[in-house]
Amino acid sequence: RRVHGDRLIGLLRMSAKPQAESEDQKIVLELEQSRHTLAQKLNTINTTLGFKKRIKRRAELTLQEVASLTPDANVYKAVGRAFFVSTLPTIQSDLQSLVQKSEEDSQNLTTQQQRVQRELEEAQKALEELTEPLRQQQQKFAA
């Protein structure tokens, strides 16, 4: 990706107007930084979304297994590295609340993901619109 940015800067250097060149360079660099930041943010959101989905799936599977137990069965809850005796209804309600929280978090992350994706596409489009005349200008110089 850095090569792409260097190529754009090279295009800007071929510009005929030094003052406009400097301003164009600043704008392109800002758009490149914005695009890079948005791509990182999108990657983080995707990672977190996958993590939340795994948590939800694990809780759902555990709920299915716990549902087959008798009400008087000994159940244990993991707390760090230790396990503590708990009641079956408490474990089930904890797992259900974990599933609900994971669903809510996933919905919020999906909304953020869509927003960041839209912003990333807008930044890419603005960058392409800004650099297209410069590419055409470079082709004129090359010909």
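Is serine 102 buried or exposed? Serine 102 has a relative accessibility of 2%, so it counts as buried (buried is under 20% relative accessible area, exposed over 50%, partly exposed in between, with a 1.4 Å probe and protein chains only). This is a predicted model: local features need pLDDT of at least 70, side-chain atom pairs count only at pLDDT 80 or more, and totals for chains, interfaces and linings use all residues. Residues are numbered from 1 along each chain as its sequence is written, and side-chain values use heavy atoms, leaving out hydrogens and water.

**Overall fold**
- The protein has 3 helices and 2 strands (DSSP runs numbered from the N terminus: helices are H or I with at least four residues, strands are E with at least two).
- From the N terminus, the order of elements is α-α-β-β-α.
- Of the 143 residues in the protein, 25% are buried.

**Helix α3**
- Serine 102 sits in helix α3.
- Its C-alpha lies 7.0 Å from that of lysine 53, although serine 102 and lysine 53 are 49 residues apart in sequence.
- α3 has 55 residues, which should span 81 Å at 1.5 Å a residue; the end C-alpha atoms are 76 Å apart, which agrees (the expected span is 1.5 Å times one less than the number of residues).
- A kink of about 30° falls at threonine 131 in α3, shortly before proline 133 (the bend is the angle between axes fitted to the seven residues ending at a residue and the seven starting there).

**The β hairpin**
- β1 and β2 (residues 82-86) run antiparallel and are joined by 5 bridges (strands pair if DSSP finds at least two bridges between them).
- Valine 75 stands opposite serine 86 in β2.
- The hairpin of β1 and β2 has 2 residues between the strands.
- Glycine 80, in the turn, has a positive phi of about 65°.

**The largest pocket**
- Its volume is about 300 Å³.
- A pocket is an open set of points on a 1 Å grid over the protein atoms alone, where a 1.4 Å probe fits, with protein on both sides within 12 Å along at least five of seven lines.
- Grid points are joined across faces, edges and corners, and the volume is the space filled by probe spheres set on the points.
- The largest pocket is lined by 15 residues; Thr62, Lys77, Ala78, Ile91 and Leu95 lie nearest its centre (lining residues have an atom within 4 Å of a point).
- α2 (18-67), β1 (75-79) and α3 (88-142) each give two or more residues to this lining.
- The largest share, 5 residues, comes from α2.
- The lining divides into 11 nonpolar, 1 polar and 3 charged residues (nonpolar: Ala, Val, Leu, Ile, Met, Phe, Trp, Tyr, Cys and Pro; charged: Asp, Glu, Lys and Arg; polar: the others, Gly among them).
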